[in-house]
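These are my notebook entries on a structure that I am opening for the first time. I record what I looked up, entry by entry.

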Amino acid sequence: MQDTSFNVHIKDEIPNYIFFIDTSGSIGKIDFEKVKLCLKKIITELPDNVNIEIIAFSSGARVISVLKCNKTEIFQDIEDNLHFDKGATNLVEALLLGKKTITNFGDNQKNYFVLLTDGVPTDDPEPIIKKLIIKGVDFIVIAIGSDSNKKEIEKLFPGQQLFIFDTFSSLSKCVKTLIPSRVTFPLHAKIYPKFEKIQKSNETFYLMVKLCSIHPKDIFHENEITLIIKDNRYYSGYEIKVGQITSEDCPSETTVKLMVRCPQEVLPTHIDFEIKVRGSTFHGRFDLKYSWFTGDFITRNQINIYVDGMAGHGKTSTLNLLFNVFSLNFDFEEFLLVGNDTDHITTEIRFQSVAHILLNKIISQSGLSASLVNFYKNIIQSLKIVFVDKPGMAKNQGNLSYNHAAKGQYSNKQQIKDLITVGEAKTFQECHAILFVISITLVDDVDLEFMKGKIQESLQAKMKPIVVVTHCDAYSPEEAEVMKKKLEGELKVDKKNFFYSTPYIQGEKQRDPIKDRIGFQILKSIVEIANNTENQKILEALAKDINNNNIDEICDSFAKTSISSTTKTNSNNSNHTSANSTPNGNPPSPLLSPNGNSSSPLLPPNSTTSESSPWTIYVKNDLTDAKVNEAKFKVFSSMTFGEFVSKVSLKFKLRVGDFSFIDENGFDLVFPDESILLSVLSDNITLSISN
């Protein structure tokens, strides 16, 4: 199934149960033993993981079993501490003990107060009952005896559950149906990205949360529901009140911002959240789809990633893992054939681009929605990544020479274009990065020295290798850890470029967020190395031109170069720009200063960006009624976006996180806090504050 939404998991709430047992004289000693028996039966029917407390009351009140979930201990507490007291039926003191318990331990959970009694209390508990009901407590009143006091009990507990039984035997037959074992989530929830465009992982991620009631007649009023996105190491937490909700025809749609707090961390596999509604707190999570963050892989030119390794070590499985990063399918897709034994071994060179795979394997499918087609077209138009699969390496055979591959050659006498029999156009075959797929079993193999030589060869070709180690799951964690350390010590590859992967196996359908995250990390490292390879070629060519005094060609080359391009989100759909886009939507160039002059390390920086020549940025504040609703700010070359936000918040007395900026073209500006402001904004620009 393909969908732009995320997999959402919401647990039904396990509530707390506090039992109030009437031990007064009116029950009588014989019937009191029956009360204890019914109490044990009710507790037996409850789930083992719920917390239970028992409070006895008559003339006074006492806790006979503190809040816990160990039923063996609870039953022992009943035998040891629950006794017939012969006193009055005073309920107030008992309810105050229960209130103290939920204040200390149960404020974020549903709480049931279960009352077993034979009549109306002799004191006046009505005020405390009203306060507890307002606090979200649900009462379940079980009365044994004549129903002559039914009206008085209903008056004391308005809108609560009331059960009256003539005898203890009739109560005993109904214990399974009296007490709810859990609180069911009363809503349907759907979470999906607000903008159907790929973006970078270091940008704020805008989501839509759609909620509607399960039962058509069940209405949830505005501010009755609170949505809380939980903090994690990558994103900051977020809390928002939800509008009125009725049926599926009239849902509440709420915008949520996942703001990056630490872009150096790895993207999480899922986001935890809470939904508070009618006194209950429901815990949930949704799995991230890394396809939305493939803006991290946008490059200036086509990059060719050669995938190499011994036959049978899992090259094709690893490629399938990487291709699935770009898919929104809830199920794993086998883009390339993987089989048993040797029937899937690669026997020819294949150039497989991400665009080609998506076009032929996904967009060609029937039944895709227009939004899905647009999403995949966005990737196809933006990404220029090509994976090159080739026959597995073997000793004493004609293996690929990486020095030659950097020039588009297989060896001194063979051009790669002449060997391609499967894949796409036979142009632009130069290698930019090498991905080695190695089975962990290589640790004890004679081929280890051969592989070490191939990795050294890639370094000599000025390409840092990426190593993906497979088959770790074939060993115990302890055995695998020993083998990993040995492999890392032997191969001497940068730790950050070493990955341990358990690819999807044949027939495996359900996507695994942990596996997908590893694929995403591998791709980020690959693209970084490929970009470095491409940039090195540019710099070497420029250095050569400098030696030849071709200064005009150098400046022209800088003017046309953009190290990291991005896509601009359609303003009609999102009013949102990429974190690495200029306000007019065009990508900035790290080789250019804000005024367009060269700031390459090969040429001196322009003096206009010095601290002595600040820029001016005007900000309009339409959010508050403050006396100051417009101000101008001096911006120096070292100021970051985060520092600028802090200055604006102090000037207009706004809290950081409660506002964002809109530029003169109506675009919402979202940048990482560490961005240098002059690299993403223009002099004399006017910004407006948005909520």
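**Entry 1: Asp-622.** Is Asp-622 buried or exposed? I find that Asp-622 is exposed, with a relative accessible area of 61%; buried means under 20% relative accessible area, exposed over 50%, and partly exposed in between, with a 1.4 Å probe and protein chains only. I place Asp-622 in the loop between β22 (615-620) and β23 (630-635). I also looked up its distance to Ser-690: the two C-alpha atoms are separated by 7.9 Å, although the residues are 68 apart along the chain.

**Entry 2: basis of the values.** I note that this is a predicted model, in which local features need pLDDT of at least 70 and side-chain atom pairs count only at pLDDT 80 or more, while totals for chains, interfaces and linings use all residues. Residues are numbered from 1 along each chain as its sequence is written, and side-chain values use heavy atoms, with hydrogens and water left out.

**Entry 3: the chain as a whole.** I read 16 helices and 26 strands in the protein chain; these are DSSP runs numbered from the N terminus, helices being H or I with at least four residues and strands E with at least two. Of the 691 residues, 51% are buried. I then looked up contacts (heavy atoms within 4.5 Å). Among those between residues at least 6 apart in sequence, 73% join residues at least 24 apart.

**Entry 4: helix α4.** In α4 (residues 126-134) I find Ile-128, Ile-129 and Leu-132 buried. Viewed down the axis of α4, these buried residues fall within an arc of 105°, so they line one face of the helix; the arc is that of the directions from the helix axis to the C-beta atoms. Gly-136 follows α4 and has a positive phi, near 105°.

**Entry 5: Lys-110.** I locate Lys-110 in the loop between α3 and β5. Lys-110 is buried, with a relative accessible area of 5%. Its side chain is joined to that of Asp-138 by a polar contact of 3.2 Å. Setting aside neighbours within four places in sequence, I list among the contacts of Lys-110 Glu-13, Gly-136, Asp-138 and Arg-278. A polar contact is a pair of N or O atoms within 3.5 Å; within protein, one must be able to donate a hydrogen and the other to accept it, and residues adjacent in sequence count only if both atoms are side-chain atoms.

**Entry 6: two lysines with positive phi.** Most residues other than glycine have a negative phi. Lys-462, not a glycine, has a positive phi of about 65°. I place Lys-462 in the loop between α12 (448-460) and β20 (465-470), and Lys-462 is exposed, with a relative accessible area of 61%. Lys-492, also not a glycine, has a positive phi of about 55°. Lys-492 sits in the loop between α13 (477-491) and β21 (498-500) and is exposed at 66% relative accessible area.
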